[in-house]
Amino acid sequence: MNLLTNILNDAVFLFFLNILVYLGINTIYQRFNKAPYLHPLLLNGLFFMLLIELGVIKFESFVASCQPQSLIVPFLTISFALPLYRWRQIIFRHGISMLSGSVAGLFVSFFSVFILTKWLGLSDVLGKSMLVKSVTTPVAVELSALVGGTKELAAISAVVTGLVGYVFGPLVYKILHITDPIARGFSLGVASHVIGAAKAEDYSDVDVAAAGAAIGVFSTMTVIFVLIWSVII
């Protein structure tokens, strides 16, 4: 029993188990036409949360197994300059609309966190960690420390935000009759970052391009805002 416990809580074992579980869930996700409730990020997280809750693995062991992934976070953050270059023509063509949309998205994102924090009585650390929820996880993790949050809570907030947009975005477009690919893709990128961009693939290449541009523009604006925030506050 002790041998099995040691194996299950070995960081290297958990590292590869995490990858295998994710790949397995992703296979099921693809086979069932990308059903939102089968999204790998959602089910993979729930799977390991259940193992931790049942005492099968220790939380500390799981955190240790995730350390290798954290080493590539700075490089992933830098890589988000690529969408700005790749989709520069769309950015230049719709620059004013994208800039105003990013400003509106930034305001709504920060204001909604402020309201929820006060209304639900959330802790100061949780509220600050959620401030960067609308940018993709690598960026959110790096920015969280600047506003007084934690990397773990920032990562969770970013993933949950992305999944919410992935699931409910198409419903909003249907209700509001939004069919323009630029508007649809850009809003997915602003609201749900990379996960939203993945959803944009279900529409068209133009949606994907707009979502990619949104990630670059909105992430850049969020970084600037957070840097100013950290200096002032």
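Our first stop is a left-handed crossing, that of α12 and α13 (left-handed if the near helix is turned anticlockwise from the far one by less than a right angle, right-handed if clockwise). To find these helices, select residues 151-176 for α12 and 181-200 for α13; helices are DSSP runs of H or I with at least four residues, numbered from the N terminus. Their axes come within 8 Å and cross at roughly 130 degrees, with axes being lines fitted to C-alpha atoms over the stretch in contact and angles running from 0 to 180 degrees between N-to-C directions. That makes α12 oblique to α13 (under 35 degrees is roughly parallel, over 145 roughly antiparallel, 65 to 115 roughly perpendicular, and the rest oblique).

A quick note: this is a predicted model, where local features need pLDDT of at least 70 and side-chain atom pairs pLDDT 80 or more, while totals for chains, interfaces and linings use all residues. Residues are numbered from 1 along each chain as its sequence is written, and side-chain values use heavy atoms, without hydrogens and water.

Now select residues 11-31, helix α2, and 40-53, helix α3. Their axes come within 9 Å and cross at roughly 135 degrees, so the two are oblique to each other. Here the crossing is right-handed.

Show the side chains next: Leu17, Asn18, Val21, Tyr22, Ile25, Asn26 and Tyr29 of α2 meet Pro40, Leu41, Leu43, Asn44, Phe47 and Phe48 of α3 (contact means heavy atoms within 4.5 Å).
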